[in-house]
Amino acid sequence: MFDRSAEQAEAGTGPPRSAAPPAGTVGTVGTETLRRWVHELAGPDRRVDDAERIEQIRLLEQLTSAAAATQAVVTADFVASQRAEQAAAGVPPARLGQGVAAQVALARRESPHRGGQHVGLAQALVRELPGTLAELRAGRTSEWPATLVARETAAWARTPAARPMPRSPRSWPGSATGRTEAVARCIAYRLDSEAFMARTRGAAKDRRVSLRPPPDTMSRLTSFLPVAQGVAAYATLCREADRLVAEGDPRSRGQIMADTLVERVTGQASADAVAVEVQLVIRDSSLFDVDDEPAELVGAGPIPAAVARDLVRNAAAQVFLRRLFTRPRDGALVAMESRRRAFPLSLRRFLVVRDQVCRTSWCGAPVRHADHVVPDVEGGATSADNGQGLCAACNYAKQAPGWRAIPGPGGAGEVVETSTPTHHRYPSRPPPLPGSHTRPTSPMELHVGRLLEAA
């Protein structure tokens with residue numbers, strides 16, 4: 001059951017293919033037709049002149065837009081069908097739609113957050129913006145301008161009163177550039193200023209802070225704030241940077257602003273004095289400068305051994321070491337030494353270190369929940385072999401009807417296979433620890449590995 005090829009592990013496997021639509025069906029594009037198109041597009045005619053190449057680029061862009069429109073229609077139909085099935089199964093109205101966006105995300109090989117965005121766009125285009133959908137289907141606009149239109153006109157489009165439709169994206173000046181967002185916002189405000197302002201006032205509830213790992217062992221800390229608060233915070237950092245530069249501080253203005261942000265948020269005397277727990281997984285040989293096997297910074301990804309050694313040797317920070325034990329056969333994490341006696345907390349730490357990010361294929365969000373693969377109510381043990389780290393969204397999606405997860409023969413540390421309500425199956429494996437080159441890899445790592453091999 002768990003012995004699958006790399007292609008199945010990456011894309012997920014589904015139920016038996018349905019039969020092609022009857023011959024002569026007009027305006028129907030079935031699954032087999034789409035498969036044939038994907039195959040045929042892999043072999044373009046390269047023996048053409050440059051004028052023909054430009055025409056092919058134009059038509060392929062038009063085809064991409066038309067495909068996005070069709071994908072939106074199929075997505076909206078899927079959402080409606082799944083909600084109807086859930087309602088028929090007795091799911092409470094407040095929980096209708098749970099897990100649906102996660103299925104769309106898995107099919108598109110994207111995160112659950114992106115899956116939710118795709119679902120929202122699809123429903124907006126099909127239900128509220130037929131003109132924009134028509135422009136997208138005809139290839140006269142692309143998916144991103146359509147997304148901006150849907151986002152900026154959301155408050156207007158969802159009001160019950162009948163209102164005149166806004167002009168289509170192609171007739172807006174600069175519709176394929178940053179102008180689209182501004183023009184859509186202006187039109188939405190003119191159409192219904194009250195709804196627009198209600199949406200603006202409600203946006204404050206979505207304020208948040210997020211962390212993402214960009215290249216070069218840095219981190220991107222982003223805040224989404226009400227405009228007055230954001231401007232005030234930025235102005236404060238600017239004033240402090242201007243003051244220190246005027247006093248002769250050798251750091252650049254940007255460096256001062258970054259260091260000041262860290263110091264004021266954490267209360268540290270200096271930005272380098274890290275006072276919170278940072279989990280770094282590094283081989284002993286790399287720690288003691290015997291080799292340069294990359295380390296793993298939990299929540300940020302792989303970092304060079306030299307950078308990891310600098311973190312450990314940081315004189316301004318308190319450093320504690322905890323030993324991890326792996327299986328010699330494949331490097332899988334099997335145990336962790338800890339001085340803490342509270343088993344649930346220790347187990348959660350173990351899952352976070354082992355899984356690093358949400359175990360759902362293509363997600364990659366920070367671990368928020370320690371989850372039973374086989375639910376406790378079904379007799380699932382509270383153990384590392386039956387535990388996985390999930391983000392909150394994926395854990396909630398897993399509670400919807402029709403979802404089921406099963407640990408592999410070697411436990412969750414080896415593989416977990418998740419089955420969705422449509423019977424598509426998606427296996428996931430924890431990422432390899434430093435030095436574990438023989439470990440089975442996740443769908444994302446298989447995907448990236450093939451891209452690197454192709455390069």
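**View 1. Helices α5 and α7 cross with their axes within 10 Å.** In this predicted model, α5 (residues 112-127) and α7 (residues 143-152) meet at roughly 75°, which makes α5 roughly perpendicular to α7. On the α5 side, look for His118, Leu121, Ala124 and Leu125; α7 brings Glu143, Ala146, Thr147 and Ala150. Sorted by class, that contact has five nonpolar residues, two polar and one charged.

**View 2. Helix α3 packs on helix α4 at about 140°.** Here the axes of α3 (residues 50-88) and α4 (residues 100-108) sit 10 Å apart. The angle makes α3 oblique to α4, and the crossing is right-handed. Gln71, Thr75, Phe78, Val79, Gln82 and Gln86 of α3 touch Val100, Gln103, Val104 and Arg108 of α4. This contact counts four nonpolar, five polar and one charged residues.

**View 3. The second largest cavity has a volume of about 70 Å³.** Its lining takes in Ala68, Gln71, Ala72, Thr75, Arg108, His118, Leu121, Ala122, Leu125, Leu136 and Glu143. Helices α3 and α5 are the elements that each give two or more of these residues. The tally is six nonpolar, three polar and two charged.

**View 4. The largest cavity holds about 150 Å³ of space.** This is one of two cavities of 30 Å³ or more in the structure. Of its 14 lining residues, Thr360, Ser361, Leu390, Trp403 and Thr418 lie nearest the centre. The lining splits into seven nonpolar, five polar and two charged residues.

Key: Residues numbered from 1 in each chain as written. Predicted model: local features only at pLDDT ≥ 70, side-chain atom pairs only at ≥ 80, totals over all residues. Heavy atoms only, no water. Axes fitted to C-alpha atoms, helices over the stretch in contact; angles between N-to-C directions. Helix = DSSP H or I, 4+ residues; strand = E, 2+ residues; numbered from the N terminus. Parallel < 35°, antiparallel > 145°, perpendicular 65-115°, else oblique. Left-handed = near helix turned anticlockwise from the far one by under 90°. Contact = heavy atoms within 4.5 Å. Nonpolar A, V, L, I, M, F, W, Y, C, P; charged D, E, K, R; others polar. 1 Å grid on protein atoms, 1.4 Å probe; cavity = no way out; pocket = protein on both sides within 12 Å on 5 of 7 lines; lining within 4 Å. Points joined across faces, edges and corners; volume = space filled by probe spheres on them.
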